[in-house]
Amino acid sequence: MFSKQQRHGIFLLLIIIVLLQCIYFFIDAPKQDIIVNKDAIIKFNKEIDSLKLIALEEEVPNIYPFNPNYITDYKGSVLGMSNTEIDRLLAFRKQNKWINSTQQFQEITKVSDSLLSIMSPYFKFPNWVTNSNVKNTLNNRSYNKPKTFEQKRDLNTITSQQLQKVNGIGKVLSERIIKFRNTFSGGFIADVQLQDVYGLTPETLNKISEDFTVKTPRKIQKININTATVNQLVTIQHIDYDLAYHIREERLLRAGYKSLSELKKVKGFPINKFNIIELYLLIEKENNK
């Protein structure tokens, strides 16, 4: 297909290609010397080191002013205290004693002067410790004792306005308490029923109990849990028909309840309402004749 001249040209091209490949593999090109700028490398390394230091400083937890009386194991270890020093502090606090100065802190924990110099700038004692005037005032103050049962007002007779004197009780909550109380003919049986008033937090309940209590409880006929029928049980707060049937089934399995606390094991029983439910119940073994 090719002429003689063309075949010679192709053969010559192949020879040239082979020669170029041999030159590429066997003959090394002259290497250029690499010039290293040592000053630039040193400068670059310093920049890297400075960035690392900044990152390490950011990882160190910030220390804010604190009362040394409340140092925990973790807090003490972060501050650099040894386990022995922390244990000395905790043992001192378990005696219901308080540290009132930097010097006393060192006497109790026996930390070194160098560590104390680092920690003490962050110590923050209460005002009555650092301020002598405040301290003397507190020492001379006569604290109010908790009110006795006789001194408290009756929850079954108080008004909405009287309730509003309690911190955290406004018009809405006070009226809600009175309205809930009036749903029972005769009022509350016990203070614990206040837990059913929507919006009352445990803290508010404690404040109410400081000034008010049930002094004239509503008279009720308690139900014997070991003989109660389903229809009797559903008359009790927080017990519906499903729960009443479960209570009866559990009673049959146990051959009678031996204590009211066993109700907590009944399927679906509202444990957080046990103190209210037990107000309506009593334990009497059924007589088997």
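Begin by displaying the aromatic side chains: a search of the whole structure finds 7 aromatic pairs, where rings of Phe, Tyr and Trp (its six-membered ring) pair if their centres lie within 6.5 Å. The model is predicted, so local features need pLDDT of at least 70, side-chain atom pairs count only at pLDDT 80 or more, and totals for chains, interfaces and linings use all residues. Residues are numbered from 1 along each chain as its sequence is written, and side-chain values use heavy atoms, with hydrogens and water left out.

Select Phe 105 and Phe 123. Their rings form an edge-to-face pair, 4.9 Å centre to centre with 70 degrees between the planes; planes over 60 degrees apart count as edge-to-face, under 30 as stacked and the rest as tilted. Phe 105 belongs to helix H5 and Phe 123 to the loop between helix H6 (113-119) and helix H7 (127-130), so the pair ties together parts that are 18 residues apart in sequence. Helices are DSSP runs (H or I, at least four residues), numbered from the N terminus. Both Phe 105 and Phe 123 are buried, that is, under 20% relative accessible area with a 1.4 Å probe and protein chains only; exposed means over 50%, and partly exposed lies in between.

Next, show helix H4 (residues 83-94) with helix H5 (residues 102-109). Their axes, lines fitted to C-alpha atoms over the stretch in contact, come within 8 Å and cross at roughly 110 degrees, the angle running from 0 to 180 degrees between N-to-C directions. H4 is therefore roughly perpendicular to H5, a label for angles of 65 to 115 degrees. The contact (heavy atoms within 4.5 Å) involves Glu 85, Arg 88, Leu 89 and Phe 92 of H4 and Gln 104, Phe 105, Ile 108 and Thr 109 of H5.

In the loop between H4 and H5, select Asn 96. Its phi is near 60 degrees, a positive value in a residue other than glycine, and at 60% relative accessibility Asn 96 counts as exposed.

Finish at Leu 281: beyond its neighbours within four places in sequence, its contacts include Lys 222, Ile 236 and Leu 260.

Methods: Helix = DSSP H or I, 4+ residues; strand = E, 2+ residues; numbered from the N terminus. Parallel < 35°, antiparallel > 145°, perpendicular 65-115°, else oblique.
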